[in-house]
Amino acid sequence: MKRSLFATLVIFALISLIPPAWGGQKEVPRDSLKKPGHTLPEFVVPPPPLSKDLYPCSQCHADMEPNPTRRELTFHTEISKGFNHAKDQRWCLDCHNPDDRDKLRLASGKLISFEESEYLCGQCHGTIFRDWKYGIHGKRTGYWNGKKVYRLCVHCHYPHWPKFQPIKPLPPPKKPYDIKYRRLSEDEIPRNPIEKILKDIQ
Amino acid sequence: MSIFNPFINFFRVLRQVVKGNKWYYAWVGLLSFFILLGLVAYFKQLQYGLIETAMRDQVSWGLYIANFTFLVGVAAAAVYLVVPAYIYNFKPIKEVVLFGELLAATAIVMCIMFIMVDLGRPERVWHILPVVGKMHFPASLLAWDVIVLNGYLAINLFIPFYALYKLAHGREYNMQIIKPLIIISIPWAISIHTVTAFLYNGLPSRPFWNAAVLAPRFIASALCSGPALMLIIFQIVRKIYKLDIDNKAIFKIAELIAYAMGVNLFLFAAEFFKEFYSNSIHLAPMKYLFFGLNGHYNLVPWMWASLLFNITAFVLFLLPKTREHFFSLNLACVLVIAGVYIEKGMGLVIPGFVPGTLGEIYEYTPTMVEKYITIGIWAAGALIYTVFLKFMIPIYKGELRFKSSQSKQVG
Amino acid sequence: MKDREKNRILTKHISRRDLLKGSAFGLASLAIPIGKADASFWEAFFQKHFREMNRDEVKAVIARLEEDYYKKYNKRFNIKTTEALPGTLFGYGLDLSRCIGCRRCVYACVRENNQSRDPQIHWITVLRFKKGEKWVNDLEEAEKYYYPDEVPEEGYFYMPVQCQQCENPPCVKVCPTQATWKEPDGIVVVDYNWCIGCRYCMAACPYGARRFNWGEPRIAREEINTNVHYLGNRPRYKGVVEKCTFCIQRTRGNPGRYPACVEICPVGARKFGNLLDPKSEIRYIIENKRVFRLKEDLNTQPKFFYFFAT
C-alpha cells in the first residue's frame with residue numbers, strides 16, 4: 001500500500017518534467033489517431049516512464065507460463081496490493097498481453113506497444129481519450145502554434161491506481177496587513193518556492 | 001515710471017502679506033509647522049513608495065482620494081454664492097462672493113495636491129496633459145477631471161483677481177468681462193463635481209459607486225459642506241478684519257444649506273432603501289458601512305455619527321430660530337462639515353473597495369505618514385487662503401491701493 | 001564614482017526611524033541631477049510613450065534600459081519588442097473540474113515574470129470555495145489564504161483568477177495617460193515607463209488583476225529572468241501598475257511557447273491558444289465544452305474561459 005503510494009507520487013512528480021527532458025526522444029507517429037474531417041494538433045508523445053529493472057517484461061516473463069487465475073501476487077506485490085483501478089472488473093491480463101509481455105492487448109485482441117498505451121486507456125475512457133487527442137485533457141508543453149509535447153495517460157496517472165494523490169500546496173499570498181517596507185540584504189530577499197520544486201523534479 | 005508700477009505694486013502686496021500682528025505670525029507659524037510635518041512625511045513616502053501608506057492592492061485608494069473628493073465639493077460650492085450674487089443681484093451675498101471664489105480656488109489647489117501625493121510616479125504627471133503627454137480624452141474621466149478642475153481654477157482665480165486689481169486701482173470692475181465668466185462658472189461648478197462623481201460612478205466593478213444617484217448626491221452634499229465652511233470663515237474674517245458682512249447674507253446661505261441637506265438626506269434615504277430592500281449581493285458595501293461585514297466594522301461608528309450630524313444640522317439650519325442664532329448656526333456648520341467629510345470622504349472611497357472585487361475584506365486604516373501629509377495639505381490650503389485674505393481685505397476695504405499712471409490715488 | 005554612490009542609495013536602505021535623515025535623502029533624490037552621469041535620468045524622464053516612438057527611438061530606449069538593468073542586477077538582459085503576430089487573438093481556458101489549488105501556477109508566474117518578491121506581488125490569485133455555497137457572482141465566500149497540508153481538500157473546489165484580457169477592458173478605458181492598452185493580439189499591456197501610478201485601473205478592474213508596486217520591487221539576483229519583453233516581464237519600477245500579459249515574451253513568436261502557468265500546471269487544467277484558429281485547443285473547448293466567463297454581467301468580454309471538462 002505504502003509503496004504503491006510512493007510509486008504514484010513518483011509518477012506524479014514526473015509529470016512536471018520540462019520538455020527538454022524528452023528533447024531527443026523517439027517520437028511515436030500517431031497517424032492512426034487522425035480521422036477524416038478532424039485536424040489534430042502537431043504533437044509528440046514521449047515514451048512512458050518505465051523502470052529499466054522491470055521493462056522489458058520479457059526479461060523475466062519470456063520463460064514463464066501465463067497464469068490467468070486471480071490471486072495475490074508474490075512478485076509485483078506493490079501493484080497487486082495497491083491495485084485500485086476497477087479492481088472487481090479487472091485483472092492483469094485484461095491489459096497485459098499474456099503471450100508477449102512486452103505488448104499491451106486491446107479488447108479486440110490487437111496488440112499495441114507501451115509507447116501508445118493511450119489506445120488501451122481510451123477503450124473505456126472514450127471521452128477523455130477524445131479530449132486528450134485535441135489537447136484538452138492533460139498537461140501540454142511546447143508551442144501553442146507549433147509542436148506540442150503531449151503526455152501519455154500513464155505519465156500522470158499511475159495505471160494501477162490512477163486517481164491523483166493530494167499534494168502540498170505552495171504558500172498563500174501575504175495578507176495586505178503584512179506587506180510592509182522591510183530592510184533586506186540581497187540574501188534576505190525571499191526566494192521563490194517554485195525553484196525548489198523544479199529542482200526536486202530534475 | 002509706469003513700467004515699475006507692477007513691481008512697486010507687487011512689493012506693496014508682499015509687504016502687506018509679510019506684515020502682521022503676533023496672532024498673525026503665530027497662525028502662519030503653526031500652519032508652517034504642519035506643512036513642514038507634511039513635507040517630511042511626503043519625502044519619506046517619495047523615498048520608500050506608497051508602501052508607507054496603508055493602501056494596498058485590495059484598497060488602492062484611501063485618505064488622499066477621500067480628501068480630494070471632499071474638497072472638490074467645497075470648490076463647487078462657490079457657485080452657491082455666485083448665483084444669488086450676480087444672477088439675482090442679492091446685494092448682501094454679492095459683497096462676499098470674492099471670498100467664496102478664492103476659497104474655491106484654494107480648494108482646487110488642495111485637490112491637485114492630494115492627487116499629486118497619491119501618484120506613484122508624480123514626476124510623470126505631465127503624461128496626463130494634452131499635446132506634451134498622452135491625455136486619454138474623452139475616454140478617461142480622470143482626463144475630464146484634469147480639464148474641468150484646471151478650468152475652474154482659472155475661472156476662480158481670474159474673477160477675484162481681476163476684481164481686486166480693478167479695486168486696487170480704485171476702479172469699478174467691468175461687468176461685461178465678468179458676467180460671461182460667471183455664467184460659465186455656474187455649470188462649470190456643477191461639472192467639476194459631476195465629473196468627479198462620474199469618475200467613481202462609471203466603474204461597474206464597484207457596485208457601491210455604480211449608482212446613478214451618486215452624482216446628484218455629490219452635488220447636494222457639496223452644497224452643504226462648502227457653504228458651511230464659508231459661513232465659518234465669514235464670521236472669522238468679520239471679527240478679525242472688522243469687515244462689514246451682512247447677517248442677511250449669512251442667514252440666506254444657511255437657509256440654502258438646509259435645502260441642500262434636505263435633498264442630500266433624501267437621496268441617501270433612496271439609496272439606503274434600494275440597497276436594503278432589494279437585499280442583493282450589492283448590499284455588501286452598504287452593510288459594511290452601517291452594520292459591519294463578517295466582523296469588520298471599522299467605519300460603522302463613523303457612518304452613524306455622520307448621519308446623526310447631518311440630520312441634526314439639517315434641523316438646525318431649517319428652523320429660523322436656530323438658524324439665526326449664532327451658536328446653533330455655528331454648531332450646525334461644524335456638524336455639516338464633519339458629517340459630509342466622513343460621508344463623502346472615507347465613507348465613499350472605502351466601501352468601493354470593501355468587499356473587494358474578489359470578495360476580500362481589507363480594513364484600511366491610514367498610517368501616520370498619510371495623516372501627516374493630509375494635515376500638511378490642509379495647512380497649506382489654510383496658508384494659501386490666509387495669504388489671499390491678508391492682501392485682499394485691505395484692497396477690498398480701500399486701505400491698500402496700487403500705484404497706477406491713471407489713478408492719482410496712493411495708498 | 002557618482003554611479004556607485006547612487007547605487008548605494010538605491011540598494012542600501014536607510015534607517016526608517018531616522019525620519020529627518022530619510023527626508024534628506026528624499027530631497028536628494030528629488031534634486032535635479034547635474035552632469036554627464038545623469039544624462040540617462042533625463043532620457044528616462046523625457047521618454048516618449050511606447051507607441052509613439054519610431055524604430056530608432058525604441059532601439060535607443062531598449063539599449064538604455066538594458067544598461068540600467070545591468071547596473072541594477074549585474075545581469076545582461078535581452079529586452080524584446082516583438083509585435084503581435086497577424087491573425088492571432090489569444091484566448092485562455094481553465095478547467096475548473098481539474099484544478100486542485102496547488103498554487104504552482106502562482107509561483108511559476110512569479111518566476112517567469114519577475115514579480116517583486118518583497119514587497120510580494122502575485123499576478124494569479126487562487127480562490128477556494130466550499131462546494132455548494134454561492135460563488136461566481138458573489139465572491140464573498142472565496143478564501144484566498146487557504147493553506148492546508150494537502151490539496152485538493154474534501155468538500156472544496158478552486159478557481160484561479162488572473163487578468164482576463166477583456167476585449168472590452170475597463171482598465172484601458174479609464175487610464176488617463178493611455179499607459180495601458182489592448183494589443184492587436186488581445187493582450188492588455190502596460191508601458192511601465194509611462195504609467196503615472198494613479199491606480200484608477202485598479203479601481204476599474206472587476207477581477208482584481210492589476211498589481212501596484214507599493215515599494216521598490218526586489219528580486220534576488222539569481223532568480224531574475226533576463227529574457228524579457230518591453231511590454232511584459234521586464235523588471236518594474238516603484239510606483240507603477242503591472243499585470244498578467246499571457247507571458248507576452250513567450251507567446252509572441254512563431255513558434256510561440258505556452259505561458260508559464262500552462263506549462264507548470266500539474267493537472268493540465270490550463271489551456272491556451274489562438275481564438276482565430278478554428279483548430280486551436282481554445283476553440284475546441286469553446287465549441288465542445290460548457291464555458292463561462294467571470295462577471296459576464298459587466299460586459300467586459302474576457303478572453304479567459306472557465307470550463308468543466310467533466
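**Close-up views of a three-chain predicted model**

**View 1. Helix 6 of chain B is mostly covered.** Of its 22 residues, 20 are buried. Buried means that 20 or more other C-beta atoms, placed from the backbone, lie within 10 Å of the residue's own; exposed means 12 or fewer, and partly exposed is in between. Helix 6 covers residues 97-118 of chain B. At 1.5 Å a residue, these 22 residues should span 32 Å. The expected span is 1.5 Å times one less than the number of residues. The end C-alpha atoms of helix 6 of chain B are 32 Å apart, which agrees. Helices (H or I, at least four residues) and strands (E, at least two) are DSSP runs, numbered from the N terminus.

The model is predicted: local features need pLDDT of at least 70, side-chain atom pairs count only at pLDDT 80 or more, and totals for chains, interfaces and linings use all residues. Residues are numbered from 1 along each chain as its sequence is written, while chains are lettered from A and ligands numbered from 1 in the order in which they are written.

**View 2. Helix 9 and helix 14 of chain B pack at an angle of about 140 degrees.** Helix 9 holds residues 214-241 and helix 14 holds residues 326-344. Their axes are 9 Å apart. Axes are lines fitted to C-alpha atoms, for helices over the stretch in contact, and angles run from 0 to 180 degrees between N-to-C directions. The two helices of chain B are therefore oblique to each other. Angles under 35 degrees count as roughly parallel, over 145 as roughly antiparallel, 65 to 115 as roughly perpendicular and the rest as oblique. Helix 9 brings residues including Cys224(B), Ala228(B) and Ile232(B) to the contact. Helix 14 answers with residues including Cys333(B), Ile337(B) and Tyr341(B). Two residues are in contact if their C-beta atoms, placed from the backbone, lie within 7 Å. By class, this contact of helix 9 with helix 14 has 10 nonpolar, 3 polar and 2 charged residues. Ala, Val, Leu, Ile, Met, Phe, Trp, Tyr, Cys and Pro count as nonpolar; Asp, Glu, Lys and Arg as charged; the others, Gly among them, as polar.

**View 3. Helix 8 of chain A crosses helix 5 of chain C at roughly 100 degrees.** Pro193(A), Ile194(A) and Glu195(A) meet Arg104(C), Tyr107(C), Ala108(C) and Arg111(C). The contact has 4 nonpolar, no polar and 3 charged residues.

**View 4. Chain C and chain B meet through 52 residues of chain C and 43 residues of chain B.** Helix 2 (19-30) of chain C gives the most to the chain C side. Helix 2 supplies 9 residues. Strand 3 (125-130) and helix 6 (170-174) of chain C are among the elements that each supply at least two. The chain C side has 30 nonpolar, 13 polar and 9 charged residues. Chain C as a whole has 10 helices and 12 strands. Of its 310 residues, 51% count as buried.

**View 5. Chain A touches chain B with 4 residues, against 7 residues from chain B.** The chain A side divides into 3 nonpolar, no polar and 1 charged. Chain A has 8 helices and 5 strands. Of its 202 residues, 22% count as buried.
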